[in-house]
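Me: I'm new to this one and would like to learn how to read it. Can you walk me through it, one feature at a time?

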Amino acid sequence: MITLYYMPSPNTRKVSIALEEMGLAYQVRMVNIFEREAQSPQYLEICPNGRVPAMTDELTGGELVRIFESGAILQYLGRQSGLFYPRESEAKRAWVDGWVFWQMAGLGPMSGQITWFKRAAEKPGRDPAETSLALHRYTKETTRLYGVLERQLSGRAFICDDYSIADMACWPWVEQYGSRDFGDLSQFPAIKAWHARIAQRPAVQRAMKLGVDAIVVPPGAPR
Ligand SMILES: N[C@@H](CCC(=O)N[C@@H](CS)C(=O)NCC(=O)O)C(=O)O
């Protein structure tokens with residue numbers, strides 16, 4: 001049985017989308033990061049990094065698989081299900097891996113930093129000089145990364161040959177932060193079309209509803 005440790009956020013939604021797309025049975029444990037539940041000793045046994053998502057999978061025979069880091073979870077689910085993670089060709093799988101790591105190391109962290117520094121800049125009494133260099137840096141880098149994704153998606157429906165865990169890794173970030181950082185995405189038409197295409201998938205729509213009312217987000221909390 002798979003247990004997903006979750007609260008709604010771009011990183012966790014990668015996993016709920018994958019679970020829904022793959023049709024795997026799972027149960028959800030809500031982890032309220034605003035109440036420091038991700039820092040409890042029990043949770044740190046599963047996710048030493050103290051962040052969501054994490055996942056456990058109790059295998060037949062009793063072995064407990066613990067997985068943290070959303071990209072590693074996507075790869076695990078892809079391996080287990082044999083879906084959305086090509087196994088017939090090492091070349092295809094390596095290409096998907098590249099995009100998953102690109103999201104994990106680039107798109108997610110860079111666009112997350114824009115939001116953090118924008119909120120910091122809005123705090124009363126903050127001197128804009130304290131945040132402007134960081135905002136400049138992360139906005140420039142995120143814009144570059146969106147350019148990379150735009151180039152890749154031009155003339156194709158999905159990031160790799162077929163819909164894959166690479167799309168599942170990137171889509172929730174564009175969904176949550178794309179419009180905050182780039183308005184209606186009209187400067188990135190291929191990303192905009194890809195975003196709309198994936199938004200229509202029933203599994204994605206189910207995943208996006210998961211847990212939306214479960215946790216009260218404190219005002220001004222960066223997510
Ligand atoms: N690299 C990690 C990042 C996980 C992460 O930062 N999760 C956020 C939610 S999207 C979180 O747990 N934030 C809680 C906090 O900052 O205390 C992954 O992809 O799993």
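This is a predicted model: local features need pLDDT of at least 70, side-chain atom pairs count only at pLDDT 80 or more; totals for chains, interfaces and linings use all residues.

Me: Is D57 buried or exposed?

Reply: Buried means under 20% relative accessible area, exposed over 50%, and partly exposed in between (1.4 Å probe, protein chains only). D57 has 8%, so it is buried.

Me: Which residues does D57 touch?

Reply: Contact means heavy atoms within 4.5 Å. Leaving out residues up to four places away in sequence, D57 touches M1, I2, E63, L64, V65 and Y76. M1 is 56 residues from D57 along the chain, yet their C-alpha atoms are separated by 5.6 Å.

Me: How many residues does the largest nonpolar core have?

Reply: A nonpolar core is a set of buried Ala, Val, Leu, Ile, Met, Phe, Trp, Tyr and Cys residues joined through side-chain atoms within 4.5 Å. The largest has 51 residues, and L77, L149, I159, I191 and W194 have the most contacts inside it. Helix α6 gives the most to this core, with 10 residues. Domain 1 (2-84) and domain 2 (90-201) both contribute residues, so this core lies between them; the domain bounds come from an automatic or database domain assignment.

Me: What does L149 touch?

Reply: Not counting residues up to four places away in sequence, L149 touches W99, W102, I159, V174, I191 and W194.

Me: And pockets: where does the largest pocket lie?

Reply: On a 1 Å grid over the protein atoms alone, a pocket is an open set of points where a 1.4 Å probe fits, with protein on both sides within 12 Å along at least five of seven lines; lining residues have an atom within 4 Å of a point. Domain 1 and domain 2 both give residues to the lining of the largest pocket, so it lies between them. Its lining has 31 residues, with N11, I33, R51, V52 and W173 nearest the centre of the pocket. Helix α4 gives the most to that lining, with 7 residues.

How values were computed
Residues are numbered from 1 along each chain as its sequence is written. Side-chain values use heavy atoms; hydrogens and water are left out. Helices (H or I, at least four residues) and strands (E, at least two) are DSSP runs, numbered from the N terminus.
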